[in-house]
Amino acid sequence: MDRRHPDREPGTEDRRPSSLGALLLLGLALPACAGGYDTQTILRNALDEFHDGFRWSAMGSMLSHIAPEEQDTFAADYEASMDGVQVADYEVDRVVIADGNDQADVWVSFSWFRDSEMMVHEVTVCEHWEADGSRWNRTEVAVERGELP
C-alpha cells in the first residue's frame, strides 16, 4: 500500500506529464497566443468600432473607418440625415470575406427612431469594406430592406 495515496493500487505510478511533454505542449500552445490578429478579428473589431460609433453618434469612431478623402462628405451626410434620430440597436448579421482577405461584404440590421415620432423602423444594409494597410474602411452601403433615416 502506498502511504501517500492509500487508495492507489501497489505498483501503479503517478501519471503526471513529463517535463519534456509539458514543454512540448507549451511550445505548441504559445504560437497560437503570440501571433497577431487574423483578418477576421481585425475586421470584426473595425465593424464593432464603426457600428458602436453609429449607434452612439461617436463621429471619431466612424471616421476612422472611412477613407480620408471621403470623411468630410460622410460627416456632412451623417449630420444631415441623423438629426433627431436615435439608433436603438444594431446587429452584424453576416460577414463574407473575399478570397484575397482585402475586401468583405457585411450585412447589418439596425432599428432606429426619430425623437419626434417614436416609431421604430427596421433596416438591413449590405456594406462593402476594404482593407487599407492594417485598417478596414467602409466604402459602400446599399439598403436591402427597410429605409435609412
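Tutor: Met 118 is found in the loop between S2 and S3, where helices (H or I, at least four residues) and strands (E, at least two) are DSSP runs numbered from the N terminus. This is a predicted model, in which local features need pLDDT of at least 70 and side-chain atom pairs count only at pLDDT 80 or more, while totals for chains, interfaces and linings use all residues. Residues are numbered from 1 along each chain as its sequence is written, and side-chain values use heavy atoms, with hydrogens and water left out.

Met 118 has a positive phi of about 55 degrees although it is not a glycine. Most residues other than glycine have a negative phi. Met 118 is also exposed, with a relative accessible area of 58%; here buried means under 20% relative accessible area, exposed over 50%, and partly exposed in between, with a 1.4 Å probe and protein chains only. Asn 101, in the loop between S1 and S2, likewise is not a glycine and has a positive phi, of about 60 degrees, but Asn 101 is partly exposed at 41%.

On either side of the loop that holds Met 118, strand S2 (residues 103-114) and strand S3 (residues 121-132) run antiparallel and are joined by ten bridges; two strands pair if DSSP finds at least two bridges between them. Val 106 has Glu 127 in S3 as its bridge partner. These strands belong to an open, antiparallel sheet of four, in the order S1-S2-S3-S4, with S1 (85-97) and S4 (135-146) as edge strands that each pair on one side only. Helix H2 (residues 39-56) packs on the sheet, touching S1, S2, S3 and S4, and its direction makes about 165 degrees with that of S1; such angles run from 0 to 180 degrees between N-to-C directions of axes fitted to C-alpha atoms, for helices over the stretch in contact, and contact means heavy atoms within 4.5 Å.

Further along, S3 and S4 form a hairpin with two residues between them, and Gly 133 in the turn has a positive phi of about 70 degrees. Arg 138 lies in strand S4 and counts as buried at 17% relative accessibility. The side chains of Arg 138 and Glu 127 are joined by a polar contact of 3.4 Å, that is, a pair of N or O atoms within 3.5 Å, where within protein one must be able to donate a hydrogen and the other to accept it, and residues adjacent in sequence count only if both atoms are side-chain atoms. Not counting residues up to four places away in sequence, the residues that Arg 138 touches include Phe 50 and Phe 74.

The rings of Phe 50 and Phe 74 have centres 6.1 Å apart and planes at 55 degrees, so the pair is tilted; rings of Phe, Tyr and Trp (its six-membered ring) pair if their centres lie within 6.5 Å, and planes under 30 degrees apart count as stacked, over 60 as edge-to-face and the rest as tilted. Because Phe 50 lies in helix H2 and Phe 74 in helix H4, the pair ties together parts that are 24 residues apart in sequence. Phe 50 is buried at 1%, and Phe 74 at 12%.
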